[in-house]
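This briefing concerns the protein chain shown below. Please keep the sequence and the structure at hand while reading.

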Amino acid sequence: FELYPQSEASATQIAREITHELQSKGFKAGGQKTLSALATWLACREPGMPVLANEVAGCYGLSTSALYHAYTKANLSTGMTAEPLSASSLVDRAIKFCQLDVRLKGSAERMIGILKTDGRNPSSVAAAAVFLSSEELGYKVTQCQVSDALMITEVTVRNVIRRIKRKRRSTQYPLQRFHDKK
């Protein structure tokens with residue numbers, strides 16, 4: 001949560017309200033620690049704060065799967081949901097984490113647009129977009145730094161980078177590709 005200290009107080013208040021709501025509906029999550037982690041994660045998701053589940057789980061000494069299990073149980077029993085994070089909000093997180101210039105966001109957003117209908121994990125798309133934007137604009141950042149920012153593997157980042165580059169080439173030279181097939 002250190003990337004968003006200005007939001008800590010409001011997230012804490014929202015987490016208390018969520019905890020109260022879950023408890024009033026008779027929800028049991030495998031202990032107070034799990035309930036607190038779940039409420040914190042949901043509280044961060046409500047305003048769209050790009051705090052990752054594994055980040056919250058780690059703060060509470062839980063596995064990410066335990067947090068997801070509690071969320072699934074809460075969703076099924078109470079109907080409580082968490083909005084998925086957008087690739088755009090994850091770009092913001094990566095830029096902050098890597099201490100990059102916020103002007104990268106526009107370029108990264110265009111790259112996200114290339115993969116809009118791809119169905120990929122938003123974290124991997126955001127990481128690849130930040131890395132490629134940084135490279136194009138001359139900022140120094142490694143795939144390792146960007147993958148650490150979004151808690152994914154470097155291999156995942158490389159695979160999405162390859163896909164973005166392939167899609168960019170196919171949209172830049174569509175007629176040549178057509179003629180090459182004859």
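Leu100 is buried, with a relative accessible area of 12%; buried means under 20% relative accessible area, exposed over 50% and partly exposed in between, computed with a 1.4 Å probe on protein chains only. The model is predicted: local features need pLDDT of at least 70, side-chain atom pairs count only at pLDDT 80 or more, and totals for chains, interfaces and linings use all residues. Residues are numbered from 1 along each chain as its sequence is written, and side-chain values use heavy atoms, with hydrogens and water left out.

**Overall composition**

- The chain has ten helices and zero strands, where helices (H or I, at least four residues) and strands (E, at least two) are DSSP runs numbered from the N terminus.
- Read from the N terminus, the order of elements is α-α-α-α-α-α-α-α-α-α.
- Of the 182 residues in the chain, 43% are buried.
- Among contacts (heavy atoms within 4.5 Å) between residues at least 6 apart in sequence, 70% join residues at least 24 apart.

**The loop between H5 and H6**

- Leu100 is located in the loop between H5 and H6.
- Not counting residues up to four places away in sequence, Leu100 touches Ile95, Val130, Ser134, Tyr139, Lys140 and Val141.
- The phi angle of Gln99 is near 55 degrees, which is a positive value in a residue other than glycine.
- Asp101 belongs to the loop between helix H5 (87–97) and H6.
- The side chains of Asp101 and Tyr139 are joined by a polar contact of 3.1 Å; a polar contact is a pair of N or O atoms within 3.5 Å, and within protein one must be able to donate a hydrogen and the other to accept it, while residues adjacent in sequence count only if both atoms are side-chain atoms.
- With neighbours within four places in sequence left aside, Asp101 is in contact with Ile95 and Tyr139.

**Helix H6**

- In helix H6 (residues 104–114), the buried residues are Leu104, Ser107, Ala108, Met111 and Ile112.
- These residues lie on the same side of H6, because they cover an arc of only 145 degrees around the axis; the arc is that of the directions from the helix axis to the C-beta atoms.
- Ser107 is part of helix H6 and is buried, at a relative accessible area of 8%.
- Beyond residues up to four places away in sequence, Ser107 touches Ser133, Glu136 and Leu137.

**Helix packing**

- The axes of H5 and H6 come within 10 Å and cross at roughly 140 degrees; axes are lines fitted to C-alpha atoms, for helices over the stretch in contact, and angles run from 0 to 180 degrees between N-to-C directions.
- That angle makes H5 oblique to H6, since angles under 35 degrees count as roughly parallel, over 145 as roughly antiparallel, 65 to 115 as roughly perpendicular and the rest as oblique.
- The crossing of H5 and H6 is right-handed; a crossing is left-handed if the near helix is turned anticlockwise from the far one by less than a right angle, and right-handed if clockwise.
- At this pairing, Ala87, Ser88, Val91, Asp92 and Ile95 in H5 meet Leu104, Lys105, Ala108, Glu109 and Ile112 in H6.
- Helix H1 (residues 8–24) packs against helix H2 (residues 32–45) at an angle of about 125 degrees, with their axes 8 Å apart.
- That geometry makes H1 oblique to H2, and the crossing of H1 and H2 is right-handed.
- Residues of H1 in this pairing include Ala11, Ile14, Ala15 and Ile18, and those of H2 include Leu35, Leu38, Ala39 and Leu42.

- Met151 has its place in the loop between helix H8 (143–149) and helix H9 (154–172).
- The phi angle of Met151 is near 55 degrees, a positive value in a residue other than glycine.
- Met151 is partly exposed, with a relative accessible area of 37%.
- Thr156 lies in helix H9 and is partly exposed, at a relative accessible area of 28%.
- Thr156 and Ala127 are 29 residues apart along the chain, and their C-alpha atoms are separated by 9.1 Å.
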